Amino acid sequence: MDLLRSHLHKVRIPEPTNRIHKDECCVSFDTPRSEGGLYVDMSSFLGFGREHVAWNYEKTGNPVYLHIVQRRKPESDEADRPLKKPTLLAIGVEGGFTDQEPEYDETFEIVILPEFISLPFPSVELPEKVRLAVDKVILAESADRKQQLAAWVADKKKISAYAMDLQQLDNGVIVPPTGWKCSKCDKTENLWLNLTDGMVLCGRKLWDGSGGNNHAIEHYKETKYPLAVKLGTITSDLEAADVFSYPEDDSVEDPLLAQHLSHFGIDFSSLQKTEMTTAERELDCNTNYDWNRIQESGKDAELLFGPGYTGLVNLGNSCYMASIMQVMFSTHPFISRYFEKQSLKAAFATSPADPTLDLNMQMTKLGHGLLSGKYSAPAKEGQEGIRPRMFKTVIAANHSEFSSMRQQDALEFFLHLIDRVDHANPGNYESNPCTGFKFIVEERVQCPSGKVSYNTRSDNILSLSIPLHEATNKEQLEAFSEKKAAMDLDGKEVCNEEIVRPRVPLEACLASFSGPEEIPDFYSTALNSKTTATKTAGFKTFPDYLVLHMRKFVMEAGWVPKKLDVYIDVPDTIDISHMRSKGVQPGEELLPEGASGDNSAETAHPAASEDIVSQLASMGFNYLHCQKAAINTSNTGVEEAMNWLLSHMDDPDIDDPISKDPRASEQSVDEASVQTLVSFGFQEDVAIKALKASGGNIEKATDWIFNHPEASSSVSVDSSTSNVKADDTDIPDGNGRYKLMAFVSHMGTSTYCGHYVAHVLKDGRWAIFNDSKVAASVDLPKDMGYLYFFQRISG
């Protein structure tokens, strides 16, 4: 006790703003439930496992720790009771998700390092400062818990500002109890009753084309009548009814709903629930996975344990992150950088005062957690896995989407990860694990004069369109189409097992990238006029790891995004040596430089992506307008181009020829808006690109930047004949032969909902990583991938 009193100056009483890490070690995945328990530093409030607490004493000299040990209680009979289904997309609130974990007995003691002298707690003999400090640590919300509650937004409905004095028209409308139909189309589902005039109208069109035809929201835009209730959600429990406020753009509570319904003759007490509420649809997407072939459901798979086979617990729609990290820590650069050549102790020694916020520390912690095998032991159901919360906090810092609990696009997370790790590891290939993913693409443009121009850019992924016309099973597709048409006439539905999907070879997708592409209205500086040029693309360098992104999400006519229901036939090995670009050839003559006097031999104006232009043109837009949209959004994508186009259709210069000056597009962006975004900390070129993609709207541009991390990480190497820039000299190169080593699959109608799963080739066999479940693959769904990872075959 005297020793403890001599260290009282090292004991702090936590303030409400302090982050208290009492759930998990900051350098490992040890918890109070681990064999040695958890030690909380009573000065910094960082937590450490038994193996690591001495490192903290050596680094900081802090000797006093609260030792927390949790041991599982025997299960009671109540454990077999069915769990109540959540009704709120939230954690830790009534109606929200529960941890659904067993109960634990918790014990505490005070430990003084370096001798690990222990003193009992609670004890009246302890100094008052120590008792007070420990009580506050025990009672405080942990940093881990605070992070969860901050990320999950409890969607508790607010009372609408329009409910109490809602105008209701005396127009004699009486709504029947059944048999509803949209007043403007034939929709009989997803119907909304406007509480002002009694109009019954269909809801919004969803991402996959399902849902309504937007008639309810269009009616609001015309009338400004604010509240609508979803028919089919009204029962005697009026609180469960789905009321939406258009001006507040959210589901709300209407305390006078009974009165508002009776105005239109609706007796809510007799109605039955026939539709999901908006919240229930979101919950359904979050709590139920489509267990299909991608997850190899129903297969008697061998569960895998040990080093490299550690599962990642789903933190709430975090499967996009889990699938990418399992793949990355199966590649040699990441294994070497954060496991083989980086010990936990070394990472902790070089970390700042708070290692929980250090990317290097948390990457190393995750690497050792996944690869050591320490946390991959058989449990009651598979394995418990590890919870990468600290890693998620660090990697998602300052990113509004990745720091949320919403589902995200695995591709965007991969690009974000590469960008963050790349910036944290400047230098050569040995110290930067991202270098092995980089490559240089060279584009060659030839005009009818025979003269050419060359442009190069670096990238980390190769995004491939899927040419459905190259399907190898056209006869079966035609037969299925005829069968389906006949069944539709008879009012029958085709079962899932009977559906025939197009099968497109990966070679055809690769050919669509490297094949010749016509560029209409190309301004040739050799001919001083517009003409049609031909563009081809190839690899200037081949990366160590080639990541292929399959563009399964396209725009249909009517601007409806659609996911292609298609199989990609992917071989185990590919050889893309023939796709290497050759650079300027003997006898080739470069196009004259532009009138601006620029030293680059770029085309007279940025070339619009033909893929984007053709998709927009197929929707009925003017071809020139489509080109301008693609150019002004830097060929980012169809959706961005369409947003620009819809915002600029009334521009007085929309029909003017495309400027010969490639900098002219910059002039259309408001400089004040650019500087506003720059003041937020964004790069100027990224700000300009975002404003173009968002029609000049600063708020939308900010969202665009957060949703397109690749915009700030992509490097443009603008050159006609020169070599790669000096800072890109470490980009690797080698032969073009690759073997498939992993792929990430997605199920769902959008990359922002559904579920992601990773398959990785390890130790000569394929393994499936489905969050915390790790098993040997039985029926490899290789043809259903969204991202494919290939490793170069050496030699």
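# Reading the labels of a predicted model

Modeller: In this predicted model, Pro 114 has its place in the loop between strand S4 (104-112) and strand S5 (117-121).

Colleague: What is noted about the phi of Asn 190?

Modeller: Asn 190 has a positive phi of about 55°, although Asn 190 is not a glycine.

Colleague: How do you know whether Asn 190 is buried or exposed?

Modeller: The relative accessible area of Asn 190 is 14%, and a residue with a value under 20% is called buried, so Asn 190 is buried. For Asp 249 the relative accessible area is 53%, and a value over 50% is called exposed, so Asp 249 is exposed.

Colleague: How do you know that Lys 181 and Asp 186 form a salt bridge?

Modeller: A salt bridge needs a side-chain nitrogen of Lys or Arg within 4 Å of a carboxyl oxygen of Asp or Glu. The closest N and O atoms of Asp 186 and Lys 181 are 3.6 Å apart, so the pair meets the cut-off. Asp 186 counts as exposed at 64% relative accessibility, whereas Lys 181, with a relative accessible area of 45%, is partly exposed. By this rule the count comes to 25 salt bridges.

Colleague: What makes Arg 501 and Asp 565 a salt bridge, and which parts of the chain does the pair link?

Modeller: The N to O distance between their side chains is 2.7 Å, and this lies within the 4 Å limit, so the pair is called a salt bridge. The pair links distant parts of the chain, 64 residues apart, with Arg 501 in the loop between helix H14 (474-489) and strand S15 (503-505) and Asp 565 in the loop between strand S20 (560-563) and strand S21 (567-569). Arg 501 has 13% relative accessibility and counts as buried, while Asp 565, at 45%, counts as partly exposed.

Colleague: Why is the pair of Arg 580 and Asp 733 said to tie parts of the chain together?

Modeller: Arg 580 forms a salt bridge with Asp 733, with 3.1 Å between the closest N and O atoms. Arg 580 lies in the loop between strand S22 (573-575) and helix H16 (610-618) and Asp 733 in the loop between strand S23 (715-717) and strand S24 (737-747), so the pair ties together parts that are 153 residues apart in sequence. Arg 580 counts as partly exposed at 30% relative accessibility, and Asp 733 counts as partly exposed at 42%.

Colleague: Why is Gly 785 called buried, and what is it in contact with?

Modeller: Gly 785, which lies in strand S28 (residues 785-792), has 0% relative accessibility. Buried means under 20%, so Gly 785 counts as buried. Leaving aside neighbours within four places in sequence, Gly 785 is in contact with Met 550, Lys 552, Phe 743, Val 744 and Ser 745. Gly 785 and Leu 548 are 237 residues apart in sequence, yet their C-alpha atoms are 9.7 Å apart in space.

Colleague: Which residues form the negative surface patch, and what makes it negative?

Modeller: The patch is formed by Asp 670, Glu 671, Glu 684 and Asp 685. Asp and Glu count as negative, so the patch is called negative. Asp 685 lies in helix H21 (residues 684-693).

Colleague: How many helices and strands does the chain have, and what share of its residues is buried?

Modeller: The chain has 23 helices and 28 strands, and 50% of its 795 residues count as buried.

Definitions and conventions:
Residues are numbered from 1 along each chain as its sequence is written. This is a predicted model: local features need pLDDT of at least 70, side-chain atom pairs count only at pLDDT 80 or more; totals for chains, interfaces and linings use all residues. Side-chain values use heavy atoms; hydrogens and water are left out. Patches are made of residues with over 30% relative accessible area and no salt bridge: like charges are joined within 9 Å, nonpolar side chains (Val, Leu, Ile, Met, Phe, Trp, Tyr) within 5 Å. Accessible areas come from the Shrake-Rupley method with a 1.4 Å probe; for residues, only the protein chains shown count as cover. The place of a charge is taken as NZ of Lys, CZ of Arg, CG of Asp or CD of Glu. Helices (H or I, at least four residues) and strands (E, at least two) are DSSP runs, numbered from the N terminus. Buried means under 20% relative accessible area, exposed over 50%, partly exposed in between (1.4 Å probe, protein chains only). Contact means heavy atoms within 4.5 Å.
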